[in-house]
Amino acid sequence: MPCSPVTLSIATIAAVISVALLSIAFSTDNWVRISVDRNALQLNLTQMRNRATQRGETLDPELENLEADNNILAFTRTKGLFRICFPEQRPKGADLYRSPVETYCKNIDYYLSGESTGHFSENTMSWLHMGRSMIAMFIIAFFFNFIAFWTGVAGCWRRSPGNITATALLMLLSCLFSAGGMGLWHGVEFFEREKLTDPEFYKQWPEILKENSWTGYDWSYILAWIGIGFGVLSTITFSMSIYLIKRDNRKELTAHIAGVYPQKQQYAYGYAYPGPYYPGTQPYPPYNY
């Protein structure tokens with residue numbers, strides 16, 4: 001049968017793993033990987049140029065631009081919550097900087113420094129608000145984790161059901177806000193693929209680029225969902241610990257009362273008082289209630 005120290009230990013370990021995985025996912029740039037086969041792309045562009053030359057035409061400038069060394073769309077890249085990075089080749093002349101993990105990156109602009117957004121379309125503004133809200137949801141989730149750390153330490157130290165209850169609720173809120181952030185991230189991804197019509201987004205890519213590239217979820221995205229799963233496990237085990245601590249406290253209280261107030265011996269209702277008797281007297285008859 002489970003006991004409170006075991007469930008508290010499991011809950012604490014799960015909470016630590018959850019925070020660690022979510023922190024790694026939040027700060028790394030491998031949520032989505034966009035792989036571009038540059039060799040196949042160059043070959044197809046060359047064939048299209050030769051066919052256009054035979055017809056006496058020129059290649060579309062949009063396709064010509066794909067061969068430029070500074071066009072980021074033609075390079076394999078990974079995308080996180082804050083940056084777009086180039087783990088293999090990097091475009092020349094692009095405004096990039098070296099990230100802490102030694103890849104060249106550019107920041108995703110959420111327009112937080114007061115730039116004008118009045119010229120944006122309705123879809124672009126929706127994408128922007130979802131992106132900002134996504135970051136805010138994750139930050140709030142980390143804030144709940146920070147408070148849960150202190151209430152959890154106090155609850156484990158004092159074996160207090162009240163503190164453990166607060167910790168379970170805080171972990172639940174953290175899970176909900178993290179899941180909400182993931183939902184908004186999927187909304188941002190949907191808008192980037194299906195709604196936005198700016199040249200850097202998928203809907204406006206040339207068909208030849210779509211045919212020679214593919215997009216998939218990467219390890220940061222997977223870590224985020226695993227971290228949320230461990231947060232749910234921590235919430236459940238903290239909730240179990242509340243019941244088990246109360247049960248243990250009742251047992252300790254019962255044992256304490258039994259030790260302070262031992263049960264008295266029970267006597268029958270009929271009492272008889274035998275001697276000794278004084279000489280010359282008759283014994284008293286039995287006295288019955």
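This is a tour of one predicted protein model, stop by stop, with what to select at each.

**Before you start**

Because the model is predicted, local features need pLDDT of at least 70 and side-chain atom pairs count only at pLDDT 80 or more, while totals for chains, interfaces and linings use all residues. Residues are numbered from 1 along each chain as its sequence is written, and side-chain values use heavy atoms, with hydrogens and water left out.

**Stop 1: the whole chain**

Show the protein chain as a cartoon. It has 7 helices and 8 strands. Helices (H or I, at least four residues) and strands (E, at least two) are DSSP runs, numbered from the N terminus.

Switch to a surface. The protein chain exposes about 17700 Å², and carbon and sulfur atoms supply 62% of that area. Accessible areas come from the Shrake-Rupley method with a 1.4 Å probe; for residues, only the protein chains shown count as cover. Of the 289 residues in the protein chain, 38% are buried. Buried means under 20% relative accessible area, exposed means over 50%, and partly exposed is in between (1.4 Å probe, protein chains only).

Contacts (heavy atoms within 4.5 Å) also describe the chain as a whole. Among those between residues at least 6 apart in sequence, 67% join residues at least 24 apart.

**Stop 2: aromatic rings**

Select Trp31 and Tyr221. Rings of Phe, Tyr and Trp (its six-membered ring) pair if their centres lie within 6.5 Å; planes under 30 degrees apart count as stacked, over 60 as edge-to-face and the rest as tilted. The structure holds 17 aromatic pairs. Trp31 and Tyr221 form one that is edge-to-face, 6.4 Å centre to centre with 65° between the planes. Trp31 lies in the loop between helix H1 (4-27) and strand E1 (32-36) and Tyr221 in helix H7 (residues 219-260), so the pair ties together parts that are 190 residues apart in sequence. Trp31 counts as buried at 1% relative accessibility, and Tyr221 counts as buried at 12%.

Next, select Tyr111 and Phe120. Their ring centres are 5.0 Å apart and their planes are at 80°, so this pair is edge-to-face. Tyr111 is partly exposed, with a relative accessible area of 24%, whereas Phe120 is buried, at 17%.

Which residues do ring pairs link into a cluster? Select Phe26, Trp31, Phe82, Phe138, Phe142, Trp185, Tyr217 and Tyr221 to display the cluster.

**Stop 3: salt bridges**

A salt bridge is a side-chain nitrogen of Lys or Arg within 4 Å of a carboxyl oxygen of Asp or Glu. How many does a search of the whole structure find? The search finds 4 salt bridges.

- Select Arg83 and Asp29. Their side chains meet in a salt bridge at 3.0 Å, N to O. Arg83 lies in strand E3 (residues 83-86) and Asp29 in the loop between H1 and E1, so the pair ties together parts that are 54 residues apart in sequence. Arg83 counts as buried at 17% relative accessibility, and Asp29 counts as buried at 6%.
- Select Lys79 and Glu192. The closest N and O atoms of this salt bridge are 2.5 Å apart. Lys79 is in strand E2 (residues 77-79) and Glu192 in helix H5 (residues 161-195), 113 residues apart. Both Lys79 and Glu192 are buried.
- Select Glu207 and Lys210. Their side chains meet in a salt bridge at 3.7 Å, N to O. They are 3 residues apart in helix H6 (residues 207-211), so about one helical turn separates them. Glu207 is exposed, with a relative accessible area of 51%.

**Stop 4: charges over a ring**

A charge sits over a ring if NZ of Lys or CZ of Arg is within 6 Å of the ring centre and within 35 degrees of the ring normal. The charged end of Lys210 sits over the ring of Tyr202, 4.9 Å from its centre. The charged end of Arg193 sits over the ring of Tyr202 as well, 4.1 Å from its centre.

**Stop 5: Arg90**

Select Arg90, found in the loop between E3 and strand E4 (97-98). Arg90 is partly exposed, with a relative accessible area of 42%. Leaving aside its neighbours within four places in sequence, Arg90 is in contact with Phe75, Leu96 and Tyr104.

**Stop 6: a surface patch**

Finally, select Phe146, Phe149, Trp150 and Val153, which make a nonpolar surface patch of about 460 Å². Patches are made of residues with over 30% relative accessible area and no salt bridge; like charges are joined within 9 Å, nonpolar side chains (Val, Leu, Ile, Met, Phe, Trp, Tyr) within 5 Å. Phe146 is in helix H4 (residues 122-158).
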